[in-house]
Amino acid sequence: MYNEIQKLKKEKDAIILAHFYQSAQVKEAADYVGDSFELAKKAKSSSSGTIVFCGVKFMAESAKLLNPQKTVLLAESTAGCPMADMLKAEDIIRLRAKYPKAAVVLYINSSVEAKAQSDVCCTSSNAAKIIKKLPNKQIIFLPDKNLGSYIARFTDKEIILFDGYCHVHDKITIDDLIKAKQAYPKALVAVHPECRAEIVDAADFCGSTSQIISYAALSNAKEFIIGTEQGVIDVLEKNHSDKKFYPLSDNFICPNMKKTLLEDVRNCLKYNLNSIEIEPSVFDNAAKSLELMMELAK
Ligand code: SF4
């Protein structure tokens, strides 16, 4: 299967991008593995005519918004993000009317329609930096309330939150953390800011998936409890055979991220399946919000 994918990639002038949360088999087939921001940057800088995205729909849409002239294929067409689905464009319009002086900062984990209503997108790794650079004193941050309240710790601006969350991170409880600490008392705890505040408070480190990976790489510690989707553990184990990594919970799996199989990667390349098309009425505004993120995150 890997050989066939390599051959098809050359024939189609394609690059395969995979999110950290994908299965180990899929990540093995990818040219580049990263978090949302790294993959967006890679999509923008790639010279290939086709981008095969192994992740969820909003990621492939972001790649298309940054590369309107390229073909972007989503390896598994039904892979969506329940958090992105929680927020509708109308919710942003309503909040804008209520807080007319506020800037709308939108987590990239959102639909293209929501992006079109926002001022600027962000990821978990650049949200604080972007908010700091905006002139507005009031920020409407959405959809993730957990990430928004974490970011609020780093600014004196007023952060107005929306009631969205990632069900994979939000369901992790303090009891899960206590159990993991009891099982691995020497391990440091690194968690993602999509987790609830009490989990963040009890952790040794909080950061995006890439920041968690760097933290584990640079630390002298030998054992880590990883508080984000288990796909990150494959990456850590591959790069650091001298260290041990444990999931904060056995339940830390995003079912949508795990929908993509190696066969899907092969099939979408072979038959040009699941090409991302974006409504012209929302394209320009959504692209502008993402482009501004790329600019402000520099
Ligand atoms: S981990 Fe959470 S935010 Fe990421 S795709 Fe899955 S449901 Fe969406």
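This is a predicted model: local features need pLDDT of at least 70, side-chain atom pairs count only at pLDDT 80 or more; totals for chains, interfaces and linings use all residues.
The protein chain is assigned three parts: domain 1 (2–80 + 257–278), domain 2 (83–166 + 282–296) and domain 3 (172–247).

**Nonpolar core**
- The largest nonpolar core holds 98 residues, of which Ile16, Leu17, Val52, Phe53, Cys54, Val105 and Val265 touch the most other members.
- Helix 4 (residues 57–66) gives the most to this core, namely six residues.
- Cysteine 54, one of the core residues that touch the most other members, is in contact with Ile16, Leu17, Ala18, His19, Gln22, Val26, Ala30, Ala75, Thr260 and Val265, when residues up to four places away in sequence are not counted.

**Domain 1 and domain 3**
- The centres of domain 1 and domain 3, taken over C-alpha atoms, are separated by 27 Å.
- Their contact involves 10 residues from domain 1 and eight residues from domain 3.
- On the side of domain 1 that touches domain 3, helix 2 (24–29) and strand 2 (32–34) are the elements that give two or more residues.
- The residues on that side of domain 1 comprise five nonpolar, two polar and three charged.

Note on methods
Residues are numbered from 1 along each chain as its sequence is written. A nonpolar core is a set of buried Ala, Val, Leu, Ile, Met, Phe, Trp, Tyr and Cys residues joined through C-beta atoms within 7 Å. A residue is buried if 20 or more other C-beta atoms lie within 10 Å of its own, exposed if 12 or fewer, and partly exposed in between; C-beta atoms are placed from the backbone. Helices (H or I, at least four residues) and strands (E, at least two) are DSSP runs, numbered from the N terminus. Two residues are in contact if their C-beta atoms, placed from the backbone, lie within 7 Å. Domain bounds come from an automatic or database domain assignment. Ala, Val, Leu, Ile, Met, Phe, Trp, Tyr, Cys and Pro count as nonpolar, Asp, Glu, Lys and Arg as charged, and the others, Gly among them, as polar.
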